[in-house]
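Have the structure open as you read.

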Amino acid sequence: MEAPLVEVKNLKKYFPKNKGLFGGKKFFVKAVDDVSFTIKKGETLGLVGESGCGKSTTGRMLMRLLDPTEGQILFEGNEISSLNDNQIRDIRKEFQMVFQDPYASLNPRMKVSDIIAEPLIVHGYPKEKREERVQHLLEVVGLNAYHADRFPHEFSGGQRQRIGIARALAVNPKLIVADEPVSALDVSIQSQILNLLKDLQEEFNLTYLFIAHDLSVVEHISDRVGVMYLGKIVELADKDNLYKEPLHPYTKALLSAVPVPNPRLKRERIILTGDIPSPSNPPSGCTFHTRCPFAMEECKKVVPQLKEISDRHFVSCHLY
Amino acid sequence: MAEMKVGEVIRQPLPQAVNGTKSTPKQEFWRKFKKQKMALAAGFFVVILFILGIIGPFIAPFGAAEFDYDHILEGPSAAHWAGTDAYGRDIFSRILIGTRLSLFVSLLSVFLGSVGGTILGLISGYYGKWIDNLIMRFCDILFAFPGILLAIGIIAILGPGLGNVVIAISIFSVPIFARIVRSSTLQVKATVYVEATRSIGAKPRRIIWKHIFPGTLSSIIVNFTMRLGTAILTAASLSFLGLGAQPPSPEWGAMLSGGRDYLNNAPHVTFFPGLAIFLTVLAFNLFGDGLRDALDPKIKD
């Protein structure tokens, strides 16, 4: 078997938070708590979950924009989680990020050509070929070469996201972390961007970590899907497996909440009660037991481990 | 439209987007700035001052050191618009010639101060941690002194003279700029596009100069203008105290000081240089206010 492109082992991120005037008592917000997964070359791993469940934090740690509290990130077998800022800089061209908000992620004072050329300059792409490369990239993402001289505010949200994608592609990365790349866009534009991402994946053999909260978006683009809840991955499986036979009660509830465009279709909805607990004080045992309709006594005490139930279908639940 | 079928409507070309609805930042700035009549007038006055600063010595009817002992301490007349001083020198000409001196001293000192302050503020805001603490505590120390006292202290060490006035004013401008630039740096640093640049793998120097510095520029410009007025006032004060420009030179503060002895029988000797200082400082402050209102994105129409 081929070695995975990315391997994440027991990744944790605790944000320290001081309580009290003199910061005497320190406690932690467990944004990401013991997450492990692998991404193979050329595949798309989708990460879904409610807001605040740590999916963006995971993506940012993978990009080394945040330092993990604990755990390892292996990229092509090399550990990148322990490198310092100077050592990581050269490897950064291997993994790039597409951001959620296309209005905020482009510097409003720079021309599009300068924005897209920036990674080229940073990673020492020859000067004479830069302009040509920028024009090529613009065409690859479905914009015109003459857009290069404009400023970001002259574009629509979808076009801006295309610029963001062009910037990410500039240095031929192997991995792209897409942090909710379509959630700020109109539904009609969302599909365009998703299809663009799919086409690019095929053309350039890209690997994606696709973060989203929209299950239908994730279904469209992913090969495998991980479901996160309160900083933990509760279920991780191939897309078809996960959508056809979800195992974890949380996944079932999420899937039952996806709107179906058929008003006559009767279906069972699992409605979760209560709010998502605070990650600074997560429930004992299985973090989902406070809202789980199938909670047992065991769930309150023992933290469930991620187990392989069937072929490549991992669940962390005491029911299985 | 009524008889059009759905299919036809769909086949119709979409209307072209109207161009020019979103103006560039420059147009936006000008649209907001020209609405402020006071600032506009002040800006106009500032422009005239700079022109006078350049051509003043050539259009002045008399020289700066043209003595005329037949006409001493004379009030305003057709020949001497602002009267003459104790040596019979034309005050109006001296003010015109002195414009260059005042503007030059204030521009140079505020420029030096803003360069120093901007660099310190950028470093402090971007790197944070101990270096931020070090720079900001150093600024706090400088802030603890009243500006003019600090300037007097610096001149006490360096000795009197216009060059040392420049150094003194620039030193006490540094912490002001450092603090303002630091706060804008913190703001810009938190934006997604700076994070995006970091994720590309850009070095801190590139992030600071290409992304953060342009974002702090508007607050630097506003403060630069505001500080110019204060710098002119401080330079004049120091010269008045005899610490800056020395008597024969037509510096406004020195002229004020020279007329002090004749305040009772010839008030115009102090009045006109004083008026020049007053108008100049006021103009720079109003101009700065207008710039701030036009450049601040938080103030909407």
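**Where the chains meet**

Between chain A and chain B there are nine residue pairs in polar contact, both residues being at pLDDT 80 or more; a polar contact is a pair of N or O atoms within 3.5 Å, and within protein one must be able to donate a hydrogen and the other to accept it, while residues adjacent in sequence count only if both atoms are side-chain atoms. Keep in mind that this is a predicted model, where local features need pLDDT of at least 70 and side-chain atom pairs count only at pLDDT 80 or more, while totals for chains, interfaces and linings use all residues. Residues are numbered from 1 along each chain as its sequence is written, chains are lettered from A and ligands numbered from 1 in the order in which they are written, and side-chain values use heavy atoms, with hydrogens and water left out.

**Interface**

- Strand S6 (95-98) and helix H3 (112-122) of chain A each give at least two residues to the side that touches chain B (helices, H or I, of at least four residues and strands, E, of at least two are DSSP runs, numbered from the N terminus).
- H3(A) has the largest share of that side, with four residues.
- You'll find two salt bridges between chain A and chain B (a side-chain nitrogen of Lys or Arg within 4 Å of a carboxyl oxygen of Asp or Glu).
- One of them joins Arg60(A) to Glu195(B), at 2.6 Å from N to O.
- In contact terms, 24 residues of chain A meet 21 residues of chain B (heavy atoms within 4.5 Å).
- The two chains bury about 2,000 Å² between them, 56% of it on carbon and sulfur atoms (accessible area, 1.4 Å probe, lost on being put together, summed over both).
- Arg89(A), Glu118(A) and His153(A) supply 27% of the area chain A buries against chain B, more than any other three residues.

**Aromatic rings**

- There are 15 aromatic pairs over all chains (rings of Phe, Tyr and Trp, its six-membered ring, with centres within 6.5 Å; planes under 30 degrees apart are stacked, over 60 edge-to-face and the rest tilted).
- Trp81(B) and Phe92(B) make a tilted pair, 5.0 Å centre to centre with 45° between the planes.
- Ring pairs also link Phe29(B), Trp30(B), Phe33(B) and Phe287(B) into a cluster.

**Charge over a ring**

- The charged end of Lys189(B) sits over the ring of Tyr126(B), 5.7 Å from its centre (NZ of Lys or CZ of Arg within 6 Å of the ring centre and within 35 degrees of the ring normal).
- Arg260(B) lies over the face of Phe240(B), 5.4 Å from the ring centre.
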